[in-house]
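Hi,

Here is the structure I promised to pass on to you. Have a look at it first, and then read my notes on the backbone below.

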2 protein chains.
Amino acid sequence: MPIRALVFDAYGTLFDVHSVTARCDALFPGRGSDLSRLWRQKQLEYTWLRTLMGRYESFEAVTAGALRHACAALQLPLSAESEKALVLDYRRLSTFPEAAAALAGLRDCRLAILSNGSPEMLNAVVRHSGLDRLLDHVISVDEIRVFKPHPAVYRLAADRLQVRVEDIGFVSSNYWDVCGAASCRLQAYWINRTRAMEDPLGQRPKAVLERLTDLIGLIND
Amino acid sequence: MPIRALVFDAYGTLFDVHSVTARCDALFPGRGSDLSRLWRQKQLEYTWLRTLMGRYESFEAVTAGALRHACAALQLPLSAESEKALVLDYRRLSTFPEAAAALAGLRDCRLAILSNGSPEMLNAVVRHSGLDRLLDHVISVDEIRVFKPHPAVYRLAADRLQVRVEDIGFVSSNYWDVCGAASCRLQAYWINRTRAMEDPLGQRPKAVLERLTDLIGLIND
């Protein structure tokens, strides 16, 4: 099936959410990676629970709440300044090393981001990374006030790009996000950098790749 | 506000999901508590994700899938027999020590369970515990094919019990379940046995108690 647009997840796929670990570790020596992991787990959990309850709040607010909870649970004292600095780090996350080359190699397709991120934090990280020069659209769930993997999110991409869901290639490192897209009939590719295990969610990716640049041969064929 | 019915969560509230740890540890010495924890985390995650995607499957199937994933992720070889035995353990979970005394002391109210559990596994564990003699209703989400904390679940309890949501006292040890109930205007009580931290989900319990028997004075007043 031809792909008329390629849509990328942002956090974890183009941008490394664990690039906050360095500041976490500077603030709480030896605890940075525990904190980064629990922070991310709670951040995702809250997006799912809030969407289920119909109680949306912006991803930036969710991210700050998850950080406060993770610090409290790990008994790490978090000052207001440190909280602000860590949440602002989401506007300067590292880009995965192959991301720019992958997007540059895929320019025959229209290229977009579809993300949970609130518009301000999302636009900031895209600009900071320089990927804005390679992307045609940056789409945030914020306007529909539900998070992934709610079906409305994947349909929003089709609406914005004016293509059918079946004609979208969707790329994510988050397996549950891949399943959400596949469940809505997008052509879903899983970037599995860490040899993670698949979750039995009743959906499967169209292909599993080790890095973003592996898409180039696949899509351009 | 008067309470016309008391509705209890099952897994984690009346029944101890970590009572499977012993068999986990017998099968995988030294790894029982890691396995039990990841199994439970994945089980909940899958109920949330499947509900978000509109891809329900029974809680027993979700529980089995979560077990297989947790074993694979921890590199523990799980035989078909062990999988079956561990999933069947959900029909014989331990009851928290004070559960029967609490229900007996609250009999002036109508008493019910509202659970993600599929009817067979739920009825089995209730019978095994002997709590069936103290309960008026056992309500499973299975008939509406969504899991907690989707609002339809808490409304189902009101429908079945023929009372308004505001007149239900809802009791859970799972903080996110308490939030789901509070978000639907039930009077939600959090049983916090482990001194867990609250999650910032925009809802709060009406009261936080250490054990189920603490409800007796509160509700009967």
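A:Arg185 sits in the loop of chain A that runs between helix H8 (175–183) and strand E7 (187–191). Helices (H or I, at least four residues) and strands (E, at least two) are DSSP runs, numbered from the N terminus. The phi of A:Arg185 is near 75°, a positive value in a residue other than glycine. With a relative accessible area of 52%, A:Arg185 is exposed; buried means under 20%, exposed over 50%, and partly exposed in between (1.4 Å probe, protein chains only).

Before you go on, please keep in mind that this is a predicted model, where local features need pLDDT of at least 70, side-chain atom pairs count only at pLDDT 80 or more, and totals for chains, interfaces and linings use all residues. Residues are numbered from 1 along each chain as its sequence is written, chains are lettered from A and ligands numbered from 1 in the order in which they are written, and side-chain values use heavy atoms, with hydrogens and water left out.

Now to chain B. Here B:Arg195 has a positive phi, near 50°, and is a residue other than glycine. You will find B:Arg195 in the loop between strand E7 (187–191) and strand E8 (207–209). B:Arg195 is exposed, with a relative accessible area of 69%.

Next, the prolines. In chain A, a cis peptide bond links A:Lys148 to A:Pro149, with omega about 0°. A:Pro149 belongs to the loop between strand E5 (137–140) and helix H7 (151–161). In chain B, the bond between B:Lys148 and B:Pro149 is cis, with omega about 5°.

Why point these out? Most residues other than glycine have a negative phi, and most peptide bonds are trans.

Best wishes
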